[in-house]
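Dear colleague,

I am passing on a structure that you have not seen before, and below it you will find an account of what came out of it. Please read the two side by side.

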Amino acid sequence: MKVSLNQKILSRNEEAAAKNRQFFAEHKVFCLNVISSPGAGKTALLERTIRDLKEQFSIGVIEGDIETDNDARRIQAAGARAFQIETKGACHLSAEQVQNALKMIDAQTLDLVFIENVGNLVCPSAFDLGESGRVVILSVPEGDDKPAKYPGTFAGASVIVLNKIDLLPYVPFDLSRVLADIHTVNPQAPVLQLSAATGEGIDAWYDWLRRHLEKKQP
Amino acid sequence: MHETVVAENVLRTILEHAEKLKARPVRALVSCGQFNALNEEAMKFAFETAAAGTVCQGMLLQIRQIPLRAVCRPCRTVFELNLMTPLCPQCRSEDFDIEPDAPLLLEEIEFEDKQ
């Protein structure tokens, strides 16, 4: 006996994501899901962004890590509300985890919420968190083959940040290859080249943020 | 290893149907698009682990990978996109729109026929 279902496997996560999305719309909160490999500079970019924009916008961060609350403490030191989710082994955040964390940071009173996902270029991509947009960060020392190796993650990005461009003179990195590979799977997303460490190119990122904060959608 | 969560969700649904039908599941078919990056080996391993000790233990899990499709802008050919050589096979154009990736679906479950 065969039962035909054609049922979405992650429907439970998608239901929770829809609730988060409704929450963001109701409270006019712009929410970005930040995805990258470990060490690409997610926290560094957020720290700098908070320091530079905290007078203009109220910002909160939901931190996802397998262990430790190091990142949440870095974010708090930069001047934003932060809540740490320790996933205890899980390689990505789920929409339900985000739902609980939103309460912990009183997200309804914020302009901008960043969800810093667990460092991983594969798994987070399959889990909608209800975010308004997705930021995918690639850093120069990781190598120029990453967009070709992880096409699904780059295809789902609203904006792509190429971080650590101050290291371009020191490591082999074919920038034109990266841009071409990204263009194949995601011709719409802008690619912003910057260094969160030196601040080079950071204004284009702030312009992107301001523009989307004004209309509250990616 | 997001396969673990996918496997747990698949198992939960199969168990619900098995309970309702009072039947033993023997096979299930999962399909997914290329961007979902579901690894077949990891998925089967995660499912076996999750299913151990349940009525689903030992059942067959099939995974159908659905390739990406694209539409060529100049000649309107619909083709399976190979990301290694992203070209329209008809006119060799690099100008195409990728169609939405196939969702992660539990397509069907087969149960043992009752005697």
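A salt bridge is taken here as a side-chain nitrogen of Lys or Arg within 4 Å of a carboxyl oxygen of Asp or Glu, and by that criterion the count between chain B and chain A is zero. Please keep in mind that this is a predicted model, in which local features need pLDDT of at least 70 and side-chain atom pairs count only at pLDDT 80 or more, whereas totals for chains, interfaces and linings use all residues. Residues are numbered from 1 along each chain as its sequence is written, chains are lettered from A and ligands numbered from 1 in the order in which they are written, and side-chain values use heavy atoms, with hydrogens and water left out.

The interface

Between chain B and chain A there are eight residue pairs in polar contact, both residues being at pLDDT 80 or more (a pair of N or O atoms within 3.5 Å; within protein, one must be able to donate a hydrogen and the other to accept it, and residues adjacent in sequence count only if both atoms are side-chain atoms). On the side of chain B that touches chain A, two or more residues come from each of α1 (3–21), β1 (25–33), β5 (96–98) and β6 (105–111) of chain B (helices, H or I with at least four residues, and strands, E with at least two, are DSSP runs numbered from the N terminus). The element that gives the most to this side is α1(B), with eight residues.

Contact, meaning heavy atoms within 4.5 Å, involves 30 residues of chain B and 22 residues of chain A. The two chains bury about 2300 Å² between them, 67% of it on carbon and sulfur atoms, where buried area is the accessible area (1.4 Å probe) that two parts lose on being put together, summed over both.

An open sheet of four strands has the order β1(A)-β6(B)-β1(B)-β2(B), with mixed pairing (two strands pair if DSSP finds at least two bridges between them). Because β1 of chain A and β2 (60–66) of chain B stand at the edges with a single partner strand each, one side of each is left without a neighbour in the sheet. Five bridges join β1 (residues 2–8) of chain A to β6(B), and these strands run antiparallel; within this pairing, K8(A) has L105(B) as its bridge partner. Six bridges join β1(B) to β6(B), also antiparallel, and P25(B) stands opposite F111(B).

The sheet of chain A

In chain A, seven strands form an open sheet in the order β4-β3-β5-β2-β6-β7-β8, with parallel pairing. Three bridges join β7 (residues 159–163) to β8 of chain A, and I160(A) has V191(A) as its bridge partner.

With best wishes
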